[in-house]
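Subject: Structure for your review

Hello,

Please find the structure we spoke about below. My notes on what was found in it follow.

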Amino acid sequence: MNRRLLLLIAALIIAMPISAAAQHDHGKSTAPAPKTVTEKKSPAALKPAEGANIKILAPTKGQTFKSDRVEIHYKLTKGKRGHHAHAYVDGDLMGMFESEKGTLNGIKPGKHVLELRVVADDHTTELDAKDRIEFVVK
């Protein structure tokens with residue numbers, strides 16, 4: 001494993017909510033974490049889906065939550081290369097999930113966009129298989 005990948009994995013482990021960490025274990029690294037702990041990826045960096053697909057089932061469009069905990073549920077079709085899902089809120093990576101449900105914690109009040117992306121088992125290759133939904137936290 002190269003140093004850049006180890007640093008990214010360490011940063012994600014540190015930044016991950018506890019419930020998300022329980023959903024998907026990337027392993028631990030002794031490499032120091034970089035100063036930024038979230039990574040934004042442009043859609044141009046996405047690789048071909050090769051049969052992968054993801055559909056957000058919950059939250060529903062415009063759904064309002066009264067706490068900072070947002071339950072997610074989705075349908076994942078892995079295709080040739082898909083392995084798990086990365087959950088982004090307003091462009092920031094908030095969790096990684098192998099099962100088709102989970103909880104995002106620490107979501108601040110306001111209107112947000114949840115985007116789920118299908119990711120290969122190398123944890124860095126995001127496929128062009130994604131779904132987006134808007135929701136509100138009061």
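**Strand pairing and core**

The bridge partner of Ile 54 in S3 is Leu 76. Here strands (E, at least two residues) and helices (H or I, at least four) are DSSP runs, numbered from the N terminus. This is a predicted model, in which local features need pLDDT of at least 70 and side-chain atom pairs count only at pLDDT 80 or more, while totals for chains, interfaces and linings use all residues. Residues are numbered from 1 along each chain as its sequence is written, and side-chain values use heavy atoms, with hydrogens and water left out.

**Overall make-up**

The protein has two helices and eight strands, and along the sequence they follow the pattern α-α-β-β-β-β-β-β-β-β. Of its 138 residues, 42% count as buried, where buried means under 20% relative accessible area, exposed means over 50%, and partly exposed lies in between (1.4 Å probe, protein chains only). The protein exposes about 7700 Å², and carbon and sulfur atoms supply 53% of that area. Accessible areas come from the Shrake-Rupley method with a 1.4 Å probe, and for residues only the protein chains shown count as cover. Among contacts (heavy atoms within 4.5 Å) between residues at least 6 apart in sequence, 67% join residues at least 24 apart.

**Strand S3 and its partners**

S3 pairs with S1 in the antiparallel sense over five bridges. Two strands count as paired if DSSP finds at least two bridges between them. S3 also pairs with strand S6 (residues 101-104), again in the antiparallel sense, over four bridges; in S6, Gly 102 is the bridge partner of Ile 72.

**The five-stranded sheet**

Five strands form an open sheet with mixed pairing, in the order S2-S8-S7-S4-S5. Strand S2 (63-65) and S5 stand at the edges with a single partner strand each, so one side of each has no neighbour in the sheet. Neighbouring strands of this sheet are turned by 35° against each other on average, direction ignored. For such angles, axes are lines fitted to C-alpha atoms (for helices, over the stretch in contact), and angles run from 0 to 180 degrees between N-to-C directions. Within the sheet, S4 and S5 pair in the antiparallel sense over five bridges, and Asp 92 in S5 is the bridge partner of Val 89.

**The largest nonpolar core**

A nonpolar core is a set of buried Ala, Val, Leu, Ile, Met, Phe, Trp, Tyr and Cys residues joined through side-chain atoms within 4.5 Å. The largest one here has 24 residues, and Leu 104 and Leu 114 touch the most other members. Strands S1 (53-58), S3 (70-77), S4 (82-89), S5 (92-97), S7 (110-120) and S8 (126-137) are the elements that give two or more residues to this core. S8 gives the most, with five residues.

Leaving aside neighbours within four places in sequence, Leu 114 is in contact with residues including Ile 56, Ile 72, Ala 87, Val 89, Leu 104, Ile 133 and Phe 135. Asp 131 is also among the contacts of Leu 114.

**Buried charged residues**

Asp 131 lies in strand S8 and is buried, with a relative accessible area of 16%. A polar atom of the Asp 131 side chain lies 2.8 Å from the backbone nitrogen of Ile 56. Not counting residues up to four places away in sequence, Asp 131 touches Ile 54, Lys 55, Ile 56, Leu 114, Glu 115 and Leu 116.

Arg 117 is found in strand S7 and counts as buried at 7% relative accessibility. Its side chain and that of Glu 126 are joined by a polar contact of 2.6 Å. A polar contact is a pair of N or O atoms within 3.5 Å; within protein, one must be able to donate a hydrogen and the other to accept it, and residues adjacent in sequence count only if both atoms are side-chain atoms.

**Backbone points to check**

Most residues other than glycine have a negative phi, and most peptide bonds are trans. The peptide bond from Ala 58 to Pro 59 is cis, with omega near 10°, and Pro 59 sits in the loop between S1 and S2. Glu 50, in the loop between helix H2 (18-23) and S1, has a positive phi near 45° and is partly exposed, with a relative accessible area of 36%. His 123, in the loop between S7 and S8, has a positive phi near 70° and is buried at 16% relative accessible area.

Regards
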